[in-house]
Amino acid sequence: MKIAIYPGSFDPVTLGHLNIIKRSSACFDKLIVCVMVNSSKHGLFVPEERVELLRRCTKRFPNVEIDSSNELLAAYAKRRGAKVVVKGLRAVSDYEQEVQMAVINRKLNPDLDTMFLASSEKYTYLSSTIVKEMARYGADLAEFIPREIVDDVNRKMREAQERKAD
Ligand code: ADP
């Protein structure tokens, strides 16, 4: 069985991520989308919430599994029997860091290759950071994130802003 992993922060999942999930899941028997937990980085959503939002948006893809991990990606891939890491490339600015990570991951786990998918032109400007910035100012998020999670992101941002104001 050909298993691939699509790792990221997904804080929250955007239509750019979903586009990569749709296209890459068609290339493998199974795609594991993994929320990589970085303890030094606090996001808007805790990892369990990001997993729940991803699950809700990927129900229609039967070969997609959502998971989270605080392991090194190379170790996680080995444990899950995955030989491919999928990455989306938006612009040249993504390239340098992504290639560096791909080389390091292969050094740590020689069975692991990284495959890059070019972002769909509609989403090259889109990142979770931009989505959060727009949510902070109450902009309409429907064009940037899946419809099923728009209310959750708006609610979470309001709660975060209220906590700050206290
Ligand atoms: P971000 O916070 O920048 O959205 P993530 O860590 O959640 O980043 O992204 C995980 C993976 O998804 C990375 O490989 C990243 O390059 C890719 N990705 C993020 N946004 C897009 C997009 N709009 N189009 C294609 N790939 C993307």
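For the class counts below, Ala, Val, Leu, Ile, Met, Phe, Trp, Tyr, Cys and Pro count as nonpolar, Asp, Glu, Lys and Arg as charged, and the others, Gly among them, as polar. This is a predicted model, where local features need pLDDT of at least 70, side-chain atom pairs count only at pLDDT 80 or more, and totals for chains, interfaces and linings use all residues. Numbering runs from 1 along each chain as its sequence is written, and side-chain values use heavy atoms, with hydrogens and water left out.

View 1. By class, 19 nonpolar, 19 polar and 9 charged residues line the largest pocket. A pocket here is an open set of points on a 1 Å grid over the protein atoms alone, where a 1.4 Å probe fits, with protein on both sides within 12 Å along at least five of seven lines; lining residues have an atom within 4 Å of a point. Closest to the centre, out of 47 lining residues, sit P7, G8, S9, F10 and K41.

**View 2. The backbone at F10, D11 and P12.** F10 isn't a glycine, yet its phi is positive, about 50°. F10 is also buried, at 2% relative accessibility (buried means under 20% relative accessible area, exposed over 50%, partly exposed in between; 1.4 Å probe, protein chains only). Next comes a cis peptide bond joining D11 and P12, with omega about 0°.

**View 3. The second largest pocket.** This one holds about 150 Å³. Its lining includes G43, L44, K132 and R136, and by class has 3 nonpolar, 2 polar and 4 charged residues.

Notes. Grid points are joined across faces, edges and corners, and a volume is the space filled by probe spheres set on the points.
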